[in-house]
Amino acid sequence: MPLGHFSKTTKSVHHHLINDKEIVAEHAALYLTQSLRSFAVSLVGIFLPIYIYINSADYLIFHQDKVLNGIIWGFAYFFLRSFGAVIFSAILTKPIFSKIHMNRSIVISIFVQILEIYLWIQAASNMYLMLLAGLLAGLKVATYWIPYHTYFVKKFKGGKYGKNTGIRFLFEKSLAGLSPLIGGFVISRYGFDAAFVISMVLLIVSGIPILLAIHENKHKEHDVENILKNFLFNKKYKKMTIAYLGEAMDAAIFSIGWPILLYIGLASFVKIGTLTSVTTIISAITGLLVGRAMDKYGSKLVHGVGVFFNTILYIPRVFATTALGLYAIDIADRLNSPMYSLPNQALAYEKAKRSESSTDYMIYREFTIHIWISLISVSLIVVLTQVLVWRWIFLFAALGSSLTYLMDLDTN
């Protein structure tokens, strides 16, 4: 073999190994950043809907009934979060991709999250600060979630994302599942301020992997007006837009209604925290298996089963009154969670990959979901001011859950 040929081959292999190491590092950074971030936020924010519910008792501005008022406060927070997400995304999309860049945007989001957690604490003495915290939560969508999802689509090659989202689900949920137990121990032993400091430090650390390991390429112009024209108002994407309506209905009602129902039924942070930890860790383990099954057999069957049980499990929530019933529903829901939530995410990544611009698609997804959540939250606030039995809102969540299966029927 000629010496020159050997030299070129050696260089090629060396270059290939360097590229492989960079790819592994980027993948690890994406998993680690989200896992640490999830753990840090869950350490103090896992009980946020309950926290809002309890502290709103002296702020009866929506309803004279404390239960209904507390639930409406939760939806008011969600409305402001999603309304803020829409506004900030419209304003910041161009600067993030052309001037700020995604790495820096994610670092900015960390400090936004720290400020939001600080406002949660201060809201104990001034509940109106929770409304400001809601707007800040919307800023995180523009500065963190859109860049993060864009990275995930671009850095994982190939057309299928089941295994990759399953691995992320495993790491994220395993750490998030431990948060209630660890947070409860820290708070009971050293006070809430200690948990707050730990959370802040972990949030700062969570930004380091992406900042150091991710290599950002140049971006084309991303204009929200064109994105809405090409996706949201495009009949071609009608099924996906309706599916995202369903995802928004499910997320908004579950995120506020279920924790409050658990609190009313169990009346114990320890019980809720323990239940959440155990069931979340179990779901994390099954998530990896679900992700692999999706890549091997496709998402239609897996997602169909997940959507069916996720939808059915909302019905007993309307009537459950005993601790045993609430435990059973939560355990069943967590076990089914990977079959419902993982296809939602993986399908979004796959459709983004197949679109003309994966970045534009992820902006469309976040923008659309938060437009829907804004409208749903306002609608539920109006409905809850007129009803006496608030649990019936879980039937709207069931409808939303069933609509998410349109993702599988979309051919884009």
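## Salt bridges

A salt bridge is counted when a side-chain nitrogen of Lys or Arg lies within 4 Å of a carboxyl oxygen of Asp or Glu. By this rule the count comes to six salt bridges. The structure is a predicted model, in which local features need pLDDT of at least 70 and side-chain atom pairs count only at pLDDT 80 or more, while totals for chains, interfaces and linings use all residues. Residues are numbered from 1 along each chain as its sequence is written, and side-chain values use heavy atoms, with hydrogens and water left out.

Start with Glu116 and Lys140. Their side chains meet in a salt bridge of 2.9 Å, N to O. Glu116 lies in helix H4 (residues 102–122) and Lys140 in helix H5 (residues 129–155), so the pair ties together parts that are 24 residues apart in sequence. Helices here are DSSP runs (H or I, at least four residues), as strands are (E, at least two), numbered from the N terminus. Is Glu116 buried or exposed? Buried means under 20% relative accessible area, exposed means over 50%, and partly exposed is in between (1.4 Å probe, protein chains only). Glu116 counts as buried because its relative accessibility is 1%. Lys140 is buried too, at 12%.

## Bridges in helix H13

Arg317 and Asp333 form another salt bridge, with their closest N and O atoms 3.6 Å apart. Arg317 is in helix H12 and Asp333 in helix H13 (residues 323–354), so this pair ties together parts that are 16 residues apart in sequence. Arg317 is buried, with a relative accessible area of 0%. Asp333 is buried at 7%.

Helix H13 also holds Arg334 and Asp330. They form a salt bridge, and the closest N and O atoms are 3.7 Å apart. What separates these two residues along the helix? About one helical turn, because they are four residues apart in H13. Arg334 counts as buried at 19% relative accessibility. Asp330 counts as buried at 0%. Elsewhere, Glu247, Arg365 and Glu366 are linked in a network of salt bridges.

## Aromatic pairs

Now look at the rings. Rings of Phe, Tyr and Trp (its six-membered ring) pair if their centres lie within 6.5 Å; planes under 30 degrees apart count as stacked, over 60 as edge-to-face and the rest as tilted. The structure holds 20 aromatic pairs. One of them joins Phe231 and Tyr364, which are stacked at 5.2 Å centre to centre, with 20 degrees between the planes. This pair links distant parts of the chain: Phe231 is in helix H8, Tyr364 is in helix H14 (residues 358–384), and they are 133 residues apart. Both Phe231 and Tyr364 are buried.

Tyr364 has another partner. The ring centres of Tyr361 and Tyr364 are 5.4 Å apart and the planes stand at 70 degrees, so this pair is edge-to-face. Both residues lie in helix H14, three residues apart, about one turn of the helix. Tyr361 is buried, with a relative accessible area of 0%. Tyr364 also counts as buried at 0%. Which residues do ring pairs link into a cluster here? They are Phe231, Tyr237, Tyr244, Tyr361 and Tyr364.

## Surface patches

Patches are made of residues with over 30% relative accessible area and no salt bridge; like charges are joined within 9 Å, and nonpolar side chains (Val, Leu, Ile, Met, Phe, Trp, Tyr) within 5 Å. Accessible areas come from the Shrake-Rupley method with a 1.4 Å probe, and for residues only the protein chains shown count as cover. Phe308, Phe309, Ile312, Ile315, Phe319, Leu388, Val389, Trp392 and Leu395 form a nonpolar patch on the surface, with about 930 Å² of accessible area together. The elements that give two or more residues to this patch are helix H11 (299–312) and helix H12 (314–319). H11 gives the most, with three residues. Phe319 is found in H12. It counts as exposed at 55% relative accessibility.

A patch of positive charge gathers Lys235, Lys238, Lys239 and Lys300 on the surface. Lys and Arg count as positive and Asp and Glu as negative, while His and the chain ends are not counted. The place of a charge is taken as NZ of Lys, CZ of Arg, CG of Asp or CD of Glu. Lys235 sits in the loop between helix H8 (224–232) and helix H9 (238–266). Lys235 counts as exposed at 76% relative accessibility.
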